[in-house]
Amino acid sequence: MVTARADVTFDTAAAAAVAAASDAPGRAADLAAGGAGDRGAGESLSATLAWTVLRTVPDPEIPVLSVVDLGIVRAIEVAPERGTVTVTVTPTYIGCPATEMIAQDIVRALTDAGAAQVVVRQQLAPAWSTDWIEPAARARMLSYGIVPPAARSSLARGVQPLRFVAPGSVRDLHEMDEVLRCPRCASADTERLSYFGSTACKALYRCRACREPFEYFKPL
């Protein structure tokens, strides 16, 4: 098996550049200075606080969930002597267009909280699985109008069974494990309109009972 890992470093200068494009000049100056705010010069950002901060960073594609809710933040390491916070992130899939934005949002949030430097590491192995989405996050996803993926513990253990579907079958691998219920009326009388929804990780469905469309977050 061949695995790959890519480390991407974003420092406070990059965060300041992002802030300058969207925030007031005074705000950008604060970021450029380290984003310490009211924190004392000798204080450093703790790992506990860093986790709390990242729970406020929304996923760009599903804003009702944070990057921690999705399980893409794998680890946080703090070096108090340097004021550096290293965040290990596993993207939902390689090539996800939101990956760079997520990294920038992480840098900005932690810089605002007092980190002198933020390093975002991209770890591709083990690959992200929808099993990493927190249970409470699945409930919020459903209330938001997106049917959450079914839990697949076999994928969480790194084991994926090989299954075959007859050519021309109307049911695919994502529909074999469960009946998709409409997030609005809970009817099981649903149909798939497109394998892809607003993003590659979601499929577009329609409820035949209430006639409303909805998206399904495909399990990985």
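Predicted model: local features only at pLDDT ≥ 70, side-chain atom pairs only at ≥ 80, totals over all residues.

Colleague: Why is α3 called oblique to α4?

Modeller: The axes of α3 (residues 47-54) and α4 (residues 99-112) cross at roughly 130 degrees and come within 10 Å. Angles under 35 degrees count as roughly parallel, over 145 as roughly antiparallel, 65 to 115 as roughly perpendicular and the rest as oblique, so α3 is oblique to α4.

Colleague: What makes the contact of α3 with α4 nonpolar, polar or charged?

Modeller: Contact means heavy atoms within 4.5 Å. Ala 50, Val 53 and Leu 54 of α3 meet Ile 106, Ala 109 and Leu 110 of α4. Ala, Val, Leu, Ile, Met, Phe, Trp, Tyr, Cys and Pro count as nonpolar, Asp, Glu, Lys and Arg as charged, and the others, Gly among them, as polar. The contact therefore has six nonpolar residues, no polar and no charged.

Colleague: How many cavities of 30 Å³ or more are there, and what makes a space a cavity?

Modeller: A cavity is a set of points on a 1 Å grid, over the protein atoms alone, where a 1.4 Å probe fits but cannot get out. The count is one cavity of 30 Å³ or more. The largest cavity has a volume of about 120 Å³, a volume being the space filled by probe spheres set on the points.

Colleague: Which residues line the largest cavity closest to its centre?

Modeller: Lining residues have an atom within 4 Å of a point. Of the 14 in this lining, Asp 59, Leu 70, Thr 92, Cys 96 and Ile 102 are the closest to the centre.

Colleague: Where is Pro 126, and what kind of peptide bond joins Ala 125 to Pro 126?

Modeller: Pro 126 lies in the loop between β4 (117-123) and α5 (135-144). The bond is cis, with omega about 0 degrees.

Definitions and conventions
Residues numbered from 1 in each chain as written. Heavy atoms only, no water. Axes fitted to C-alpha atoms, helices over the stretch in contact; angles between N-to-C directions. Helix = DSSP H or I, 4+ residues; strand = E, 2+ residues; numbered from the N terminus. 1 Å grid on protein atoms, 1.4 Å probe; cavity = no way out; pocket = protein on both sides within 12 Å on 5 of 7 lines; lining within 4 Å.
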